[in-house]
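Let's take a walk through this model, one spot at a time. Have the viewer open and follow along.

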Amino acid sequence: MNISEIKLVNKKNRRLNKRDVTLICMASVSLVFLLVFSYLPMAGILFAFKDGNKSLNIINAMFEADWTLDNFKALFADKDFWAVFWNTIRINVLMLLFNFPIPILFALLINEVRHKQFRGTVQVLSNFPHFISWVVYGGIVISLTDANTGIVNPILEVLGLSSKENPVDLNLAQYFYPKIIIVSIIKGAGWGSIVYTAAIAGIDQSLYEAAIIDGANRFARARHITLPQILPTVMVFLLLNVSRLMNNSFEQFYIFQTTANQSTTRVLATYMYSLGFTYRNYSTATALSLFEGVISLILLMSTNTIAKKLTGEGLY
């Protein structure tokens, strides 16, 4: 084949077929979505350095208001901010310690189930809560844990932890941490295990066969084969979870928030909402969002560096 024939073949190979066009269209929709909802709103960061609190015209304030750092000074001088900040850290650290390992353990358990129909049923049922919005799911939890009409208190009475004369109100502040951890595990464990289940399915089966021949039981195979093989996936999600120590779902916490439990239910997401929409301190709320993003970036970069030194695995 001469050079001219090679060039002709290359030109034919470079032509787009229907499959390529379909893939490009699908990728373009994702890029447009990111551009509109992720990158264009980043122009609002300017508002953190503008005097735009209580402004009636946000667009004009963004470009015409005076430059200032008073928004950060006011934020860091606010006692409520620091109370919410440390409450957010406590909640997210606890959720990282308890909620992160559960999907991994659940995936390991699912992998040991040999009955395909039973395994599929368990996976479907465990994934179902993920598709219920936090507004609906939180309302169900509040109803179930109500001190007078909920079903949880009769169960606690049987266990000797409550009584009809003095029922336990699980919606109070002192019970919020264990409550949010448990309901988050129920809602997210099944969905979170999908990635780990897929990673386990990609492990070379000859490793298990060799381990069985050597006499390794199921626990030993999970410990010495499964976990090391899915370690890269675990590290990626661990790093992403650590970087989100400052972030929370607004709906997840706002639905449980009452005047009696604000000391434990208020996180940065709900505090930012109250700053921006209740008190109309738009610039201060933007400063808080920027501060949260910077801390998340620092956490991601530092934990990635530590993880690469300790395990050799990381995001980049």
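Start with helix 11 (residues 205–213) and helix 12 (residues 218–229), whose axes come within 10 Å and cross at roughly 165 degrees. Since an angle over 145 degrees counts as roughly antiparallel, helix 11 is roughly antiparallel to helix 12. This is a predicted model, by the way. As for handedness, helix 11 passes helix 12 in a right-handed crossing. Who makes the contact? On the helix 11 side, L207, Y208, A211 and I212 take part, and helix 12 brings R221, I225, T226 and Q229. Sort the residues in this contact by class and you get five nonpolar, two polar and one charged.

Now jump to N153, which sits in helix 9 (residues 152–158). Is N153 buried or exposed? Its relative accessibility is 2%, so N153 counts as buried, the cut-off being under 20%. Leaving aside residues up to four places away in sequence, N153 touches D146, A147, S162, P167 and V168.

Finally, check a couple of backbone torsions. K54 isn't a glycine, yet its phi is positive, at about 65 degrees. You'll find K54 in the loop between helix 2 (18–39) and helix 3 (58–64), and at 45% relative accessibility K54 counts as partly exposed. R280 is another residue other than glycine with a positive phi, near 60 degrees. Look for R280 in the loop between helix 16 (268–278) and helix 17 (282–311); its relative accessibility is 30%, so R280 counts as partly exposed.

Notes
Residues numbered from 1 in each chain as written. Predicted model: local features only at pLDDT ≥ 70, side-chain atom pairs only at ≥ 80, totals over all residues. Heavy atoms only, no water. Helix = DSSP H or I, 4+ residues; strand = E, 2+ residues; numbered from the N terminus. Buried < 20%, exposed > 50% of the residue type's maximum accessible area, 1.4 Å probe, protein only. Contact = heavy atoms within 4.5 Å. Axes fitted to C-alpha atoms, helices over the stretch in contact; angles between N-to-C directions. Parallel < 35°, antiparallel > 145°, perpendicular 65-115°, else oblique. Left-handed = near helix turned anticlockwise from the far one by under 90°. Nonpolar A, V, L, I, M, F, W, Y, C, P; charged D, E, K, R; others polar.
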